Amino acid sequence: MKFTLNGQEVDAQSATADTPLLYVLRNDMQLNGPKFGCGLGECGACAVLIDGKVARSCSVPLNAVAGKKVTTLEGLSPDASKAASTKTLQDRAVLDVSAAKNDAPAASRTYTLHVVQQAFVDAQAAQCGYCTNGMVMALVALFNQQPKATDDEIKHALSGHLCRCGTHVEIMQAAARARELIAQGHSPAIPAAGASTQAKAA
């Protein structure tokens with residue numbers, strides 16, 4: 001089953017057509033951004049983007065994404081994700097929305113985060129972090145379509161995503177920060193196809 005994952009064409013040969021997409025992403029492609037939460041498509045922890053729209057990957061069968069574009073959390077900032085997975089991203093490395101400085105030493109290199117990810121960092125909007133994947137993906141889809149989304153539109157986009165730690169105030173602050181960064185000229189767009197990721201064909 002072939003589809004585009006974070007800008008690269010992959011072929012999930014070892015999975016059956018009815019295998020939940022989440023299992024393929026985590027087990028076959030080794031991408032741990034989307035989380036297994038409820039397994040029923042109700043909590044939002046497993047959210048990904050399919051052709052730019054938010055979907056619950058635990059309830060989407062693999063055959064539903066054949067020929068489509070799937071984006072996971074790792075696909076939003078491929079340079080930072082690659083660095084983290086190869087252990088070159090040190091504790092003091094800078095994460096921000098500025099251009100990556102590939103010629104800098106690993107410990108001081110700047111990695112580009114998606115504007116929504118940067119906003120979550122700025123607002124310290126993660127507690128346990130389990131729901132964060134879904135919240136980020138929902139906001140990426142929203143701001144990509146509506147860069148000036150209102151607070152009510154943000155709340156509606158996040159309404160199906162559960163946070164058991166109660167960081168709702170900080171999450172709304174992160175959304176407001178993302179809107180601010182976009183207004184300052186930072187793009188909410190998903191990285192172009194062909195960006196590097198850690199996805200591997202199964």
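1. Contact here means heavy atoms within 4.5 Å. This is a predicted model, in which local features need pLDDT of at least 70 and side-chain atom pairs count only at pLDDT 80 or more, while totals for chains, interfaces and linings use all residues. Residues are numbered from 1 along each chain as its sequence is written, and side-chain values use heavy atoms, with hydrogens and water left out.

2. Ala174 belongs to helix H6, residues 168-183 (helices, H or I, of at least four residues and strands, E, of at least two are DSSP runs, numbered from the N terminus). With neighbours within four places in sequence set aside, Ala174 is in contact with Ala119, Phe120, Ala123 and Ala125. Gln124 lies 50 residues from Ala174 in sequence, yet their C-alpha atoms are 7.8 Å apart.

3. Ala174 has a relative accessible area of 0% and is therefore buried (under 20%; exposed is over 50%, partly exposed in between, with a 1.4 Å probe and protein chains only).

4. An open sheet of 5 strands has the order E2-E1-E5-E3-E4, with mixed pairing (two strands pair if DSSP finds at least two bridges between them). Strands E2 (8-11) and E4 (53-56) are at the edges with a single partner strand each, so one side of each has no neighbour in the sheet.

5. Strands E1 (residues 2-5) and E5 (residues 69-71) run parallel and are joined by 2 bridges. Val70 in E5 is the bridge partner of Leu5.

6. Helix H4 (residues 132-145) lies across E3, E4 and E5, at about 30° to E3 (axes are lines fitted to C-alpha atoms, for helices over the stretch in contact, and angles run from 0 to 180 degrees between N-to-C directions). Helix H1 (residues 21-28) lies across E1, E3 (47-50) and E5, running at about 105° to E3.
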